[in-house]
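I opened this notebook page to record what I looked up, entry by entry. The model and its sequence are shown below.

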Amino acid sequence: MSPAMATMSANSQEYIYQKGVKYMYDNGIQHVPGKYIFPASERPNLIITDQKSADHHHEQLNLNLPIIDFAELLGPNRSQVLESLAHACETYGFFQIVNHGIESEVISNMVNGSKMFFEMPFAEREKYMSADTSSPVRYGTSFNQINDGVFCWRDFLKLVCHPLPDVLPHWPSSPPDFRELAVTYAKETKLLFLMIVEAILESLGVGVNNSEKKTEICDDEIDDESILKEMEEDGSQLMVVNCYPPCPEPDLTLGMPPHSDYGFLTLLLQDEVKGLQIQHQDQWVTIQPIPGSFVVNVGDHLEIFSNGRYKSVIHRVLVNSMNYRISVASLHSLPFTSIVRPSPKLINETNPRRYKDTDFPTFLEYIKTCDSKKKNFIESRKLIT
């Protein structure tokens, strides 16, 4: 670390860590502090002993996700695209969507505005620091800096997006136009999310386009045909803007530790710097960025709703020593007051119910008391392993 930081007391260093990795990078840190060094078994890179192994390892570590052409989804080839969508959700838990209809200017404005936010002086950014996880805006570092035993190399800005008229006055008013462009981006991704969910419900055979007649719904069952309306009117939306500054020793730490997303679907906008990895066939593989596309992944709620057919997959983020990486994750789900349970249409004698009911308060209580690693929460919801 820098000479100034090396002479600090432990308490002073802890205070510096709470300011985040962007602050440390701006102040010339040269080594990863111990607080950020992951155990050897959890670090990102393997030791390669020969060139043949290195070539094979490199090939295995890079993955092109299934690509869903949104324009095709809305056209005459919808049934074929739905089959591809189902395969992606079952096999990978991730896919990339192109030709999605969101203007490139909206996307570039969001990325550039996010960069400008993190370039503001720390005194401006720290105005939004809060330990309150329910705050409509929260700036922080790591993953869960209250409980994390080891910090990760990431700063974030979280923006609650619903109900927008109530939360908007709390959003950052600087840099100039940030609030306006973030609102535009939030609205556009919400519309895209709803159209993707409609396709996913149809691919599961429970959507509004399903030909079977609607049967009477018991009080304790989800009305599959109303879930889309529920998400449209009161669905939760959280935007997380992530900043991963260059790291002096990227092999020792992670940008985000292994985890799955809690909601229904996440739409991720990433710049052209690689970093996202998913766990596929018991290996960590790096997702190849496609400019202007969205990486979409199944969340825990969709895994539960699909009764395990679609998988919420563990993923993590690597950092590098040369380049900033900016990503914007838009996490969508049912209203915060909703109960999430498997669709009754997907339960039968050969495919029994596999998950308990869940809700947001149960999850929030869980993350307050647990170090959020891997899929611990959804594992706690399983009835059948």
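Which residues gather in a patch of negative charge on the surface? I found Glu230, Glu232, Glu233 and Asp234 there. I noted that patches are made of residues with over 30% relative accessible area and no salt bridge, with like charges joined within 9 Å and nonpolar side chains (Val, Leu, Ile, Met, Phe, Trp, Tyr) within 5 Å. Asp and Glu count as negative, Lys and Arg as positive, and His and the chain ends are not counted. The place of a charge is taken as NZ of Lys, CZ of Arg, CG of Asp or CD of Glu.

Entry on the basis of the model. I am working from a predicted model, in which local features need pLDDT of at least 70 and side-chain atom pairs count only at pLDDT 80 or more, while totals for chains, interfaces and linings use all residues. Residues are numbered from 1 along each chain as its sequence is written, and side-chain values use heavy atoms, leaving out hydrogens and water.

Entry on Glu233. I located Glu233 in helix H11 (residues 227–234); helices (H or I, at least four residues) and strands (E, at least two) are DSSP runs, numbered from the N terminus. Glu233 has a relative accessible area of 46% and is therefore partly exposed. Buried means under 20%, exposed over 50%, and partly exposed in between, with a 1.4 Å probe and protein chains only.

Entry on strand S13. I looked up S13 (residues 325–333) and found nine of its nine residues buried. Arg325, Ser327, Ala329, Leu331 and Ser333 point one way, and Ile326, Val328, Ser330 and His332 the other. Strand S6 (residues 236–244) runs antiparallel to S13 and is joined to it by nine bridges; two strands pair if DSSP finds at least two bridges between them. Val241 has Val328 as its bridge partner in S13. Strand S8 (residues 265–270) also pairs with S13 in the antiparallel sense, over six bridges, and there Leu268 is partnered by Ala329.

Entry on salt bridges. I searched the whole structure and found eight salt bridges, each a side-chain nitrogen of Lys or Arg within 4 Å of a carboxyl oxygen of Asp or Glu. In one of them, Lys22 meets Asp26 with the closest N and O atoms 2.7 Å apart. Both residues lie in helix H3 (residues 21–26), four residues apart, about one turn of the helix. Lys22 is buried because its relative accessible area is 0%, whereas Asp26, at 45%, is partly exposed. Lys22, Asp26 and Glu119 are linked in a network of salt bridges.

Terms used
Areas by Shrake-Rupley, 256 points an atom, 1.4 Å probe, with all protein chains shown as cover.
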